[in-house]
Amino acid sequence: MFDIAVIGAGVIGGAVAREMTKYNLRVVILERESDVAMGATKANSAIVHAGFDAKPGTLKARLNVRGSELMEDYAYELGVKYNRCGSLVVGFNETDRQTLSELMARGEANGAKELYLLGTREEVLAVEPGVADGVCCALFAKRGAIICPYELCMAEVGCAIDNGAILKLNFDVCEIEKSSDGYIVSSADGKCVEARWVINCAGVYSDKIASLVGDVSFTVSPRRGEYVLLDKSEGGRVSHTVFRCPSPLGKGVLVTPTVDGNLLIGPNAEDISDKSDNGTTAQGVAHIKRLAREQVAGIDFSKTITSFAGLRATPSTGDFVIGVVCEGFINCAGIESPGLSSAPAIAEYVAELLAGAGVTLTPRKDFSGRRRPMHYFRELADEEKNEIIKKFPEYAHIICRCEMISEGEIIEAIKTNPRPSDIDGIKRRTRSGMGRCQGGFCSPLVAQILARELKLDLLEVTKRGGGSLINLSRTKGKS
Amino acid sequence: MERNRELTCIVCPRGCALRVTLGDMGEVLSVSGNACKRGEVYATDECTNPMRTVTSTVLCTDGEVTPVRTERAVPKALMNGVMKEINSTVLNKSVTVGDVIIENVAGTGVNVIATACKEIFTK
Amino acid sequence: MSEIKSFKYDLVIVGGGPAGMACAVSAYEAGLRSILIIERDAALGGILRQCIHNGFGLHTFGEELTGPEYAYRYERKVKEYGIEYMLNTMVTAVGADKTVTARNEELGIFRIEAKAVALAMGCRERPLGALGICGRRPSGIFTAGTAQKYVNMMGYLPGREVVILGSGDIGLIMARRMTLEGATVKGVFELMPYSSGLARNIEQCLNDFGIPLKTSHTVVEVHGEDRLTGVTVAEVDENRVPIDSTRELIPCDTLLLSCGLIPENELTLGAGLTLDRRTGGASVDMNRQTEIEGIFSLGNVLHVHDLVDYVSDEAAVAGAAAARYIMGAVAQSVAFDVTASFGVRYTVPQRITELCDLTLYFRVGAVYENKTLTVRFGDKLIYSRKCARLLPAEMQTVRLTRDKLAALGATSGEIKVGLE
């Protein structure tokens with residue numbers, strides 16, 4: 001019997017689960033995929049929004065501004081890279097200038113701080129020399145920031161596990177039944193857990209989960225956004241996140257440096273019906289490239305590392321669906337943008353909701369919220385690295401030559417919560433395979449290390465869990 | 001009746017475009033397009049008895065594989081038989097480059113040799 | 001706090017593949033003794049170790065060897081000469097001052113002060129992300145070289161029903177290797193109207209096994225959620241744009257990519273050198289010396305070769321030159337730029353700074369027939385040769401002699417290589 005069952009191990013479920021482990025509660029996290037951060041968390045703009053986008057008075061507006069306030073300390077505590085690089089919404093004409101003023105007013109109404117209007121091209125260039133020709137004005141949000149969303153999620157879930165939470169992967173919730181003390185949550189393959197409270201953080205599937213307890217007051221539809229990630233050689237094109245001023249012609253895309261030094265552009269927005277279809281399209285990718293060029297000068301797309309798509313969990317209500325549905329069930333549903341920015345605030349809000357519903361939240365004295373940064377080794381001075389190498393020589397054995405990731409770092413990732421079990425899991429945790437060769441050289445070595453550490457046959461190692469096998473048989477002898 | 005056959009020479013990376021004129025019995029009457037004498041030999045062999053070097057790996061008792069090849073080219077038609085024998089061979093001793101691993105593979109009169117050094121540690 | 005160990009060598013060679021080893025051997029033969037080869041893998045040989053097919057060494061040894069055998073010939077020389085080498089050692093930085101930073105399990109992170117550095121890191125394959133193929137990201141998509149490592153080095157078969165995109169040599173070679181090891185290769189699709197692989201490989205790797213090669217075709221989409229279930233291919237028009245009406249779904253569990261090789265020049269850039277946009281490598285003189293004195297670049301890191309024999313030749317030139325440089329015997333006497341004119345995509349070397357015998361390497365930009373290849377200096381014709389057929393896949397060479405260069409009666413200017 002658990003006190004809390006969090007459904008969904010994305011950045012929201014992770015934040016909520018970690019928040020719950022601050023109190024004397026037994027927490028279980030249920031995730032349908034083979035790893036955490038596999039939904040919208042894996043593929044989004046990686047932005048902490050300043051808070052001028054959402055309509056005043058909405059949950060989105062309130063939680064975005066609060067989340068953005070909390071995020072710097074939150075990321076620091078969790079050892080996650082966060083960079084308050086600032087963001088610009090760039091305009092091209094008088095209509096845009098008008099819209100920017102409105103955005104500024106909206107931001108101020110929402111309580112966002114440090115917003116500035118840049119009225120001339122010169123002023124814009126003084127802040128961001130990388131903008132394209134034609135940009136004549138901008139809204140500058142000094143507190144806009146960038147963060148790695150899946151790194152944040154892994155740190156949240158890892159921290160929750162370190163503080164006693166249980167993570168159940170490959171747990172695809174298909175039934176939620178009222179029991180005498182709470183709910184019995186069952187998976188498609190017959191596993192079940194019982195908890196007093198269920199918190200629905202199931203992303204694009206959050207409407208389906210809500211419907212299992214009879215809440216059909218909203219739906220969530222997948223809105224696909226495609227992105228292009230460029231090599232670090234392009235990472236310096238801009239030093240701020242550059243949005244385009246929304247206009248009747250469309251929303252534009254963003255062009256942003258990432259915390260790892262790459263350049264990210266995207267997303268478009270396409271409403272689709274399949275909640276798992278995160279495939280890219282030729283038209284989509286061409287479209288975002290064209291828009292990106294209009295905002296930022298000189299992007300060299302021959303330096304593309306990869307393109308990918310993510311699915312936003314777009315709620316029918318237009319706002320986040322957060323609240324107590326009935327005794328024992330809370331929705332954190334339809335968390336689309338600015339969901340990442342709001343994550344710590346949503347967790348805080350869920351705690352308030354529980355307290356309001358009469359759950360006793362006794363803070364634990366032994367809660368440890370701090371985590372060592374996942375990439376601490378890379379940041380050490382050479383002398384400090386040598387100290388570690390002396391004890392653990394595998395930290396000197398480079399496996400991923402593009403990102404310079406050692407065997408020691410990979411082994412450490414395998415042993416750190418939440419534990420990865422496949423090649424993509426290693427990639428997200430260590431950046432091995434994330435570089436220009438995209439794992440061409442290192443993936444066979446990573447597969448060997450995974451097999452050795454997890455005591456698997458190489459044939460059992462997968463790219464991303466399930467049936468995503470790498471090798472199909474041996475060439476010689478018995479298979 | 002004469003007929004022509006066009007071939008790409010595989011003797012060297014130059015890849016000459018060869019034209020072979022064949023007689024009634026499939027015998028080679030003439031070869032053109034070759035830059036060297038080896039091209040003519042290749043074209044003749046290719047039309048009468050095509051030959052290929054087979055490269056693969058053999059399983060070792062330590063579970064790893066090590067690369068091998070046929071010492072000379074073998075008849076193309078026997079490639080499958082050669083592969084079958086290579087696939088059923090297990091190497092149980094250390095070898096150095098050039099060591100014979102299979103003698104007279106698939107009755108071709110050609111040996112399969114190691115193309116890399118491989119150490120097998122026995123307990 | 002652990003200290004950073006420091007060493008001194010005359011010549012440090014980054015990479016123990018065919019280029020690095022040939023460079024070391026030739027530097028040794030030129031009289032140099034303080035030489036260190038640094039290799040990231042567990043053995044010398046570089047990528048040749050996984051190229052277990054035959055076809056190497058016809059120029060160098062007059063016989064047809066497999067990759068490991070070719071490498072072994074040089075490895076034996078390295079050992080016979082007692083040239084030092086470090087394995088499992090990764091160079092992480094090369095400074096313009098020829099300080100090399102590296103790490104391995106025994107020494108941790110350490111530095112070497114070198115009088116000269118030879119960069120011989122090789123190249124990497126162009127990955128999926130750079131190709132703009134749409135769809136999800138299932139498993140079963142590999143570069144040909146990654147598949148080669150699984151099949152040839154590790155003894156695993158990464159696929160049963162295979163489609164290959166790109167007709168580069170490794171892709172063609174892997175079509176045969178996978179077939180021999182039990183897979184079915186359904187076809188090779190090439191974006192360009194011509195193959196980028198050698199004609200002999202098309203013959204013996206595809207035709208021998210009845211594997212179709214479709215030029216002016218590409219893969220536009222991949223299918224499958226967990227493992228690849230198929231690819232959509234389409235013919236492309238003259239602008240390389242896929243023609244929708246020709247889209248065809250091919251069920252398969254594996255897509256191999258053989259879409260080009262990219263010199264791996266991160267260390268070169270880190271040293272402060274800029275790259276020639278056409279080769280993707282450093283710009284060098286006939287000694288393969290880069291724009292930084294004492295830093296040399298050779299093999300596939302300089303420009304992608306199709307024959308290892310040429311790599312060895314080039315590396316030998318560089319090794320001997322590095323030895324002469326260290327002994328103070330390299331002097332700049334002339335300053336010719338070598339440039340590509342009509343039909344020629346690039347030349348290596350890009351500069352000639354000494355009057356000596358040398359080989360110019362170059363590639364054409366498209367398929368040309370019945371052209372005359374010329375090397376001109378102003379209105380002087382230095383060299384010409386009639387060529388029936390020139391392919392981008394095949395590197396061309398021109399031998400220039402010291403006498404011919406001296407006869408130009410100039411010490412600087414532009415030497416143009418082109419087709420007429």
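**Before you start**

Residues count from 1 along each chain as its sequence is written, while chains are lettered from A and ligands numbered from 1 in the order in which they are written. Because the model is predicted, local features need pLDDT of at least 70 and side-chain atom pairs count only at pLDDT 80 or more, whereas totals for chains, interfaces and linings use all residues; side-chain values use heavy atoms, with hydrogens and water left out.

**Stop 1: chain C against chain A**

The size of an interface is often given as the accessible area lost when the parts come together. Here chain C and chain A bury about 4400 Å², with 53% of it on carbon and sulfur atoms. Buried area is the accessible area, taken with a 1.4 Å probe, that two parts lose on being put together, summed over both.

Next, look for charged partners across this interface. There are seven salt bridges between chain C and chain A, a salt bridge being a side-chain nitrogen of Lys or Arg within 4 Å of a carboxyl oxygen of Asp or Glu. To visit a salt bridge, select Arg464(A) and Asp226(C), whose closest N and O atoms are 3.7 Å apart.

Polar contacts come next: 24 residue pairs (both at pLDDT 80 or more) link chain C and chain A in this way. A polar contact is a pair of N or O atoms within 3.5 Å; within protein, one must be able to donate a hydrogen and the other to accept it, and residues adjacent in sequence count only if both atoms are side-chain atoms.

**Stop 2: inside chain C**

Three salt bridges cross between domain 1 of chain C and domain 3 of chain C. Zoom in on Arg351(C) and Glu291(C), a salt bridge with its closest N and O atoms 4.0 Å apart.

**Stop 3: inside chain A**

Bring chain A back and select domain 1 (82-145 + 222-310) and domain 2 (379-460). The C-alpha centres of these two domains of chain A are separated by 33 Å. Six residues from domain 1 of chain A and six residues from domain 2 of chain A make the contact.

The area buried between domain 1 of chain A and domain 2 of chain A is about 470 Å², 38% of it from carbon and sulfur atoms. On the domain 1 side, highlight Asp231(A), Lys232(A) and Ile305(A), the three that supply 66% of the area this domain buries against domain 2 of chain A.

How many salt bridges cross the interface of domain 1 of chain A and domain 2 of chain A? The rule finds three. Select Asp260(A) and Arg431(A) to see a salt bridge with an N to O distance of 2.9 Å.

**Stop 4: chain B**

Finally, select chain B and colour domain 1 (3-48) and domain 2 (55-114) separately. The C-alpha centres of these domains of chain B lie 29 Å apart.

Definitions and conventions. Domains from an automatic or database assignment. Contact = heavy atoms within 4.5 Å.
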